[in-house]
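Dear colleague,

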Amino acid sequence: MFAYYLNLAIRSLKRNPVLTVLMVLAIAVGIGASMTTLTVMHLLSGDPLPGRSAHIYYPQVDSDPTSSKQPKNPLDVMDYHSGVDLWSAHRADRQALIANSDIKVRAPDSTLPPLMLHMLSTTSDFFPMFNVSFEYGDGWSAQDDEKHARVAVISSDLNDKLFHGENSVGRTLRLKDSDVRIVGVLGAWRPSPLFYDVRGGRFANGDTSSFYGRPEDVFTPFYTGLEINDGNFWQFTCWHLPDKPGHLQNAPCVWIALWVQLDSAAKVADYHNFLDHYAQQQKALGRFKYADTRLRTLMQWLDFNGVVPSDVKLQTWLAFAFLAICLFNTIGLLLAKFLRRSGEIGVRRALGASRRAVFAQCLVEAGLIGVLGGIGGWLLTILGLWLVREQPVAYADMAHLDGGMFALTFVLSILVSLLAGALPAMRASRVAPALQLKTL
Amino acid sequence: MQIQPILAALRKHRLATLLIALEIALACAVLCNACFMIASRLSMMHVDSGVDEGALATVQLTGYEPAKAADVDARAVAALRAVPGVQSVTLLNSIPFGMRRGTAGITTDAAGQHFGGVIEFYVGGAGSLRALGAQLIAGRAPQADDFHPFTGLLPGDAPIQITQALAEHLWPGANPLGKQIWLDKSHFRVVGVLKTLVRPDPPGWPTEQRAWAVFVPAQPGPFLTGSYLLRANPQDLPRVMRDALAAVTKAVPDVVIDREDSHTLIELRQKTFQNDRAMAGLLIGVIVALLGVTALGIVGLASFWVAQRRKQIGVRRALGATRGDILRYFQTENFLIVSFGIVLGMVLAYTINLLLMTHYELPRLPFFYLPIGALVLWGLGQLAVLGPALRAAAVPPVVATRTV
């Protein structure tokens, strides 16, 4: 029966090619616009650490002793002492301190001019905790952290640039005025967003596309980085002007982030207590004014920072409004098309076709339009994503159609066309055969 | 033209009428809001910088110790001044549409109780305010003895020039000259008022805060170094910029030239707003596609109706209706449907605007967008229905006699 209906549908679509093209085009454009924005949304609002993110937490304490605003959120990052205290207590399953800075980088045996690159100074747990993949070598050890070892991990981009993509483990890199030994080269590691650097999203006015940049080019042990790039660390914010800008260890500023991994609910509760206890203790010592703490999961922290740029959300809404207009349009055209064939339908009904059969036949025709629209929509989505990749945004290089979104294109397209077809099909199935036969 | 029979006919086609009206309503709502967003993006892109953008460029150096600042600056400035066509080379920490190095929250009292907002401190060496070309509307420009050395992020005490927008925010209605602002222990006294001076990063700020900036005179030092403002004739600027980068590379080979941020101000402005330009382009694309789809929907349905009513049209013609009567019938019908859609669309437009206002901090949709949206859709409807209506008008009266 389905094959017969399909045959009828193809005949019907061929009979009126202009109208068919109009309907297919309307669906294709609507689907193309929606799927392009949905793919970008999917890319930007996804989980950067699938399977692990539920165990990753972001502790916060309120280091600012001057603020009078209540209630308030603790500052996005910590001062040096809070960060180091919490990290060195080792109360979580894994913990990584991070500090960002820019550093001058040279390869001693390269003729390239020196580069200014982003450096992440962190502790050894960073790599296993965030499931970082390596092309060559590996991260450093906890002993390297302790010994302030002169070692570094570099990105594959930097490895390509300085060492032509060869295995550079064991080679030397000059960071500012210090030589460090390369122990690892990152693989194709591109979390979206670059979650561990996310902060200050609520002050970004919705312009958060910078959260989707690439990982830093140079990673060093925390204390190593602080020593070799001393004087080049910049605060997230300060409550008094620092006496020695760039040297923040004892400054009234926040600039250090701490990430912890807590594998069970009991450990989360324990860590929360520990954090509260620490804040209370610091308040008693007079270093903190408020003992507020937060322990958000990775996804809660991303959510709190509103990481998806407001422009992208706006584009998604716009695309769906557009799809709705295309839907109304298709309903109107299908209605016209089906009712135009009232005579034909009347004959079929008179010859014994049930209402259900007429309804099914009309839906098959609508579904066929959906499939054709889906193909067009898929092509337009590819075009749309190409346009996104041409945009000067940090996430541009990641905008590709994956298998799931490809399937969704067709599912959405057929769903939309069936939805558009349902009402006209219902109308068509209610055509009174006698009335139509009379006018033949 | 009688409206009664048209309404009666539409009542027979309630579903189709409603569909077209809903399509028009949605189109109207999206159209009004999208136009409004385009307008606000465009107005942001045309923000008045208050400086002579066409004549300015910047060179940014990095990757050296603060202790070497004096030496690097001396060599770089000498090399830049030697580039033919350069009118002036001055030091300025932040650059309009470029580097941002002086963003901080201020208070209007020494105790730090009255928060004045987060503003941009343009800390500049001698001649930099003049080089910018910012227009002074009250008070005085910086004098030679206003420029002092400093060791922190900002000078601890300085006479400053403030923008009119910031002055009006801090001291509404009052004369800002002689007023003071504090940043922690640093203290600044207003001696001049600038017409306007844009922040380095205007897109990140609400409209009214985009010109919250002050100019602080200071002598170059560890925290005012490596950020040069070049002034040249606009037509020479591209060449001057090329030569300047080459000259600096030679003069200070051991530092890193930040090529990302070393550009003419025109280029920096382009870069600053490229996302907004892309978004405005996208919105225009959506509007065109939307109007196209809506028009096609109207054409499709009107054609269907014309075909369906051929006989009635023939009868009307046989009974004495002119071609014009038939034409006007379909035009009026379309006008009524579109009007119905527009009424719905205006309600929807404001609903969407309310949602946008709460989620995207967009201002309220100005009233005048609604009549414009209505006019566009009426026009579109009439244009779309013209073809089918002309076909209807061409139906000969003889059709009436054929099959009845």
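Below is what was found in it, beginning with the contact between the chains. Please keep in mind throughout that this is a predicted model.

The two chains meet through 40 residues of chain B, which are in contact with 37 residues of chain A. On the chain B side, helices α2 and α8 each supply at least two residues, and α8(B) gives the most, with 16 residues. Sorted by kind, the residues on this side of chain B divide into 26 nonpolar, 10 polar and 4 charged.

The largest nonpolar core has 93 residues, and of these A:Phe322, B:Leu26 and B:Cys28 touch the most other members.

A:Leu333 can be followed in some detail. This residue has its place in helix α10 (residues 310–340) of chain A, and it counts as buried because 26 other C-beta atoms lie within 10 Å, where 20 or more are required. Not counting residues up to four places away in sequence, A:Leu333 touches A:Leu19, A:Leu22 and A:Met23, together with B:Gly297 and B:Gly300. The C-alpha atoms of A:Leu333 and A:Thr20 are separated by 9.1 Å, although these residues are 313 residues apart along the chain.

Turning to chain B, the domain assignment gives domain 1 (4–45 + 275–403) and domain 2 (64–254), and the centres of these two domains, taken over C-alpha atoms, are separated by 54 Å. Chain B also holds an open sheet of 4 strands in the order β2-β10-β1-β11, with antiparallel pairing, in which β2 (86–91) and β11 (256–257) are the edge strands, each pairing on one side only. Within the sheet, strand β1 (residues 56–62) and strand β10 (residues 227–232) of chain B pair in the antiparallel sense over 5 bridges, and B:Leu56 stands opposite B:Arg231 in β10(B). Helix α3 (residues 69–81) of chain B lies across β1, β2 and β10 of that chain, running at about 165 degrees to β2(B).

With kind regards

Terms used. Residues are numbered from 1 along each chain as its sequence is written. Chains are lettered from A and ligands numbered from 1 in the order in which they are written. This is a predicted model: local features need pLDDT of at least 70, side-chain atom pairs count only at pLDDT 80 or more; totals for chains, interfaces and linings use all residues. A residue is buried if 20 or more other C-beta atoms lie within 10 Å of its own, exposed if 12 or fewer, and partly exposed in between; C-beta atoms are placed from the backbone. Two residues are in contact if their C-beta atoms, placed from the backbone, lie within 7 Å. Domain bounds come from an automatic or database domain assignment. A nonpolar core is a set of buried Ala, Val, Leu, Ile, Met, Phe, Trp, Tyr and Cys residues joined through C-beta atoms within 7 Å. Two strands pair if DSSP finds at least two bridges between them. Axes are lines fitted to C-alpha atoms, for helices over the stretch in contact, and angles run from 0 to 180 degrees between N-to-C directions. Ala, Val, Leu, Ile, Met, Phe, Trp, Tyr, Cys and Pro count as nonpolar, Asp, Glu, Lys and Arg as charged, and the others, Gly among them, as polar.
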